[in-house]
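Please read the following points alongside the sequence and the model.

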Amino acid sequence: MTGGIAHINKKEFTPLVEAVLESDDPKGTFDDYREKNWNIDKRHQVNSLREVLVEAVAECLNHDEFAISANAAVILREHMLLCSRVCDLDALVAALTNQVNERRIQPAKEAATTLAFFLSTRPPDRYLPRWDGSDPMASTSMLEDLDQHRFIRDVPIDSGYLHRISPATVESAIDALISNLNRKEYKRSSEWAVARECAKALGAIGYQRPEIVSEAVPAIEKLLGKPDERQGWLVYALTSIGYTRPDLVPDDLASRLKEYSENGSLGPDWQLYYAAQVGHRKIGHAPIYLREEGCDADSDLKPVVEKLFNFMLNRFPSGPEECIQAFVEIYRYRPDDLVSILSDELDLILQGNPRAYEFPDNFMRLLSELAGVDTADLKPILDRSDELYRDHAKSHYWYENALELHRRVAVQDEDLLPANLGDTVTEFVESEGRASVKTGVRRFLEEIGQLDDDLEAELRGPSIIGSIEELVGSEEFEVESLVEEIDPKEAESDG
C-alpha cells in the first residue's frame, strides 16, 4: 500500500485512521483499498487511502458511539475539499442534519458546526470591507466580528458547497438548525452549545443566500435579549442575513446594535459586544445591495460611496468585482452625483491625504473602469490629468491605471483630454524606470499619435533576440575558443 500513503502526513492521517478503525467494518475498508490497487493495471479508478478513509469517516455519522459520531463530524469539516471530491454531498448533509436532531449534545453540536462549513456562503476576508473604514497600514488591528476574531475557532471564513447540494436537502438542514435554536443541554442547564452552533450555521449560510434562511429571523428575534451565551451568535446570524438583505431584518436592528456597541463593554457578554461592534455596520454593506441603493435617485449617495470605498482600502486590484460593478451601475444612473464625490476624493489623494496606503491605486483603477463606460461625464476629473504625473512618488499601479484611463478616453473622444497631456506624459517618462509604466506610456502615446520611432525604441528597450545576437557576435563569445578549451578525455568521462 506504499503507493497510496506515501504522500500522507502523519498529522492528518492519524485521526482519519482512528475513525476508520472504530467503524463497523475496518477490515472491509482496507480490503477494498487493496483490491483497487491490484486493479491498477486494468486502468480502473484508483483512490488514495486518504480518500477511502474519508468515505469511511462519513459512514460514521450517526454512529451508536457518541464519540465516534462527534469526531466524524469534526474530521469531515477539517477535510472539506477531499469530501467534496469523494463523498455524495447530498447524503453527507442529510446525515449531518439527522445528527443535529439527535438527543446527544456533542454529536449534535459538531454536526451543526460542520453544516456551517459545508453550507457557508461567507465571502473570503479579501472580499469583505474594512468595516470601520480604517487604514490597515496605520491601525494595529481591524474591527473584528465573531467570524473574524482570531481567538474563535471553528468559524467558516470562506464559502462551502451550497451550490452543489439539492434545494430539498438544504431546506431540511435549515429547518433542523432553526428548530434547535432554543435547545438547552438539559432542562435546567445554562449551556446552549447546540443552539449556539445552529445560529452560527444560519449566519454563515445567510451572507449571500439570505432568502433561504429568512424564516430564521422571527425565531431569532424572539430569543434576543436573554442573558445567555447564544446572544452574540444570534446577532451574528441576523447581521449576516442583513448584509445583503437589510429588508429581511428588523428596521431598528442597526441602531440598536450601534447603541449597544457604544454603551456596552467586554465582560460576560464579550461575544455580543464584538457582534454588535461590526453588526450595525454589516447590515446593508454588501455591494449588490449598495448598487441598488446608489442607483435610486432619491437616496443619499455619499454614505453609499463611503461603504463601497471600504472595500478598496487594503488590496489591489480594488476589492471584489461586485464593488467595481456597483460603481459602474451607479455611474450609469447618476454620473454627475458620483463624479462630484469622486472629484473630492481625488483632491484628498493629490493633497497627500488618501484613506489608506493602497487606496490611490484602487481609486485610479476605478476611474479607468468608469472611462470604459462613458468618458464625457468624467470631464471634471480629466481636467486635472496633468496633476496625476507631477512626480514619481506613487506606485506603478497608480500610473498604469492613470495611463489606461487616458488611453480609454482617447479612444472615445481625445478632445476631452488636456491639449498638452501628451507632452506631460513624454516628459514624465524621461525619468521613469519602471517597465510596466513605460509600456502604459507607449500605448497611450501611440493612441494619440505622439509616439515617434526614437521614443518607441527607447520605451520598448533592447529585445532579447537582439541582445543574444549582439552577444554571439562579440569577441568574448567565440565558439572555436570554447571548443579548444574542452579536454576530449574530460568530455568523454563526463558523458
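1. Helices here are DSSP runs of H or I with at least four residues, and strands are runs of E with at least two, numbered from the N terminus. The model is a predicted one, in which local features need pLDDT of at least 70 and side-chain atom pairs count only at pLDDT 80 or more, whereas totals for chains, interfaces and linings use all residues. Residues are numbered from 1 along each chain as its sequence is written, and side-chain values use heavy atoms, with hydrogens and water left out.

2. Which helices each supply at least two residues of the negative patch? They are helix 22 (421–429) and helix 24 (453–460), and helix 24 gives the most, with three residues. The patch of negative charge lies on the surface and gathers Asp-423, Glu-427, Glu-430, Asp-452, Asp-453, Asp-454 and Glu-458. Patches are made of residues with over 30% relative accessible area and no salt bridge, like charges being joined within 9 Å and nonpolar side chains (Val, Leu, Ile, Met, Phe, Trp, Tyr) within 5 Å. Asp and Glu count as negative and Lys and Arg as positive, while His and the chain ends are not counted; the place of a charge is taken as NZ of Lys, CZ of Arg, CG of Asp or CD of Glu.

3. Asp-453, a member of this patch, has its place in helix 24 and counts as exposed because its relative accessibility is 62%. The classes used throughout are buried for under 20% relative accessible area, exposed for over 50%, and partly exposed in between (1.4 Å probe, protein chains only). The areas come from the Shrake-Rupley method with a 1.4 Å probe, and for residues only the protein chains shown count as cover.

4. Rings of Phe, Tyr and Trp (its six-membered ring) pair if their centres lie within 6.5 Å, and planes under 30 degrees apart count as stacked, over 60 as edge-to-face and the rest as tilted. By this rule the count comes to twelve aromatic pairs. One of them joins Trp-131 and Tyr-243 edge-to-face, at 6.0 Å centre to centre with 80 degrees between the planes. This pair links distant parts of the chain, 112 residues apart, since Trp-131 is in the loop between helix 8 (105–119) and helix 9 (167–179) and Tyr-243 is in helix 12 (residues 231–244). Trp-131 is buried, its relative accessible area being 3%, and Tyr-243 likewise counts as buried at 3% relative accessibility.

5. Another aromatic pair, Phe-309 with Phe-327, is tilted, with 5.8 Å centre to centre and 35 degrees between the planes. Phe-309 lies in helix 16 (residues 301–309) and Phe-327 in helix 17 (residues 321–333), so the pair ties together parts that are 18 residues apart in sequence.

6. Asn-62 is found in the loop between helix 4 (49–59) and helix 5 (66–78) and is partly exposed, with a relative accessible area of 32%. Asp-154 sits in the loop between helix 8 and helix 9 and counts as partly exposed at 31% relative accessibility.

7. A salt bridge is taken as a side-chain nitrogen of Lys or Arg within 4 Å of a carboxyl oxygen of Asp or Glu, and the structure holds 28 of them. Asp-154 returns here, linked with Arg-77, Lys-109 and Glu-110 in a network of salt bridges. Asp-125 meets Arg-122 at 2.7 Å, N to O; Asp-125 is partly exposed at 42% relative accessibility, whereas Arg-122 is buried at 0%.

8. Arg-332 and Glu-329 form a salt bridge at 3.3 Å, N to O, and both lie in helix 17, three residues apart, about one turn of the helix. Glu-329 is partly exposed, with a relative accessible area of 22%. In the bridge of Asp-337 with Arg-334, the closest N and O atoms are 3.3 Å apart; Asp-337 is partly exposed at 38%, while Arg-334 counts as buried at 8% relative accessibility.
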